[in-house]
Amino acid sequence: SADVYVYDPRFPVPTTGGRLLDSGSLVPGPLEQSPVEKRYDVLCYTTPELKQDIEVTGPLQLHLFASTNAKDTDFVAKLVDVYPDGTSYNVAEGCIRARFRKGILHPEFVNPGQVYEFTIDLAHTSIVFKPGHRIRIDVTSSNFPRLDRNMNTGNAFGVDKTGVPATQTIYHEPDYASYIDLPVIPQK
């Protein structure tokens, strides 16, 4: 069945590590994600414990089938390495603003309630997930202050003083099977 969460721009998911330039206030790189993953507005999809090394090297893309009750919103994804003790560290991340799902030059609002495929580019990575670890995908709708908050109104950035909550639905059914392209390197 589908998973549902509410993204409220008044209470965005805080930036916790990742691809950051050292700004003095945010720490870049891999950081423990458990505090963020406990939030009501972060979905976590985790594999069973790995039995062997899995090398992932190359571009990552999450194909997310989702709907929202807003006319514009964001979807944010993280690839996470979960250690045997349960700690989890971010590996790669990406975001898509719904209105730019067809490209930055072709903005188009979404129809509230309609299911769309959002392709989230998580950039490139190279990591070996070790036996006993698990691979996780976190899905949410903010990563603030690294990314500006989408106020869910459709207005231009900086126009709205406050935003409106958006109900986000992530699908897993046969016609709308969300998935990630992981470039797994075969063992020799």
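A cavity is a set of grid points where a 1.4 Å probe fits but cannot get out. In this predicted model, one cavity of 30 Å³ or more is counted, and the largest cavity holds about 60 Å³ of space.

The lining of the largest cavity is made up of V13, Q33, V36, V42, V76, K78, D138, V139 and T140. Two elements, β4 and β7, each give two or more residues to this lining. Strand β7 gives the most, with three residues. By side-chain class, the lining residues divide into five nonpolar, two polar and two charged.

Strand β4, which covers residues 74-82, pairs with β7 in the antiparallel sense over seven bridges. Within β7, I135 is the residue that stands opposite D81. Strand β2, made of residues 43-46, also pairs with β7 in the antiparallel sense, here over four bridges. In that strand β7, R136 is the bridge partner of T46.

Taken together, β7 is a strand that pairs with both β2 and β4, and β7 also gives three residues to the lining of the largest cavity.

Methods:
Residues numbered from 1 in each chain as written. Predicted model: local features only at pLDDT ≥ 70, side-chain atom pairs only at ≥ 80, totals over all residues. Heavy atoms only, no water. Pairing = 2+ DSSP bridges. 1 Å grid on protein atoms, 1.4 Å probe; cavity = no way out; pocket = protein on both sides within 12 Å on 5 of 7 lines; lining within 4 Å. Points joined across faces, edges and corners; volume = space filled by probe spheres on them. Nonpolar A, V, L, I, M, F, W, Y, C, P; charged D, E, K, R; others polar.
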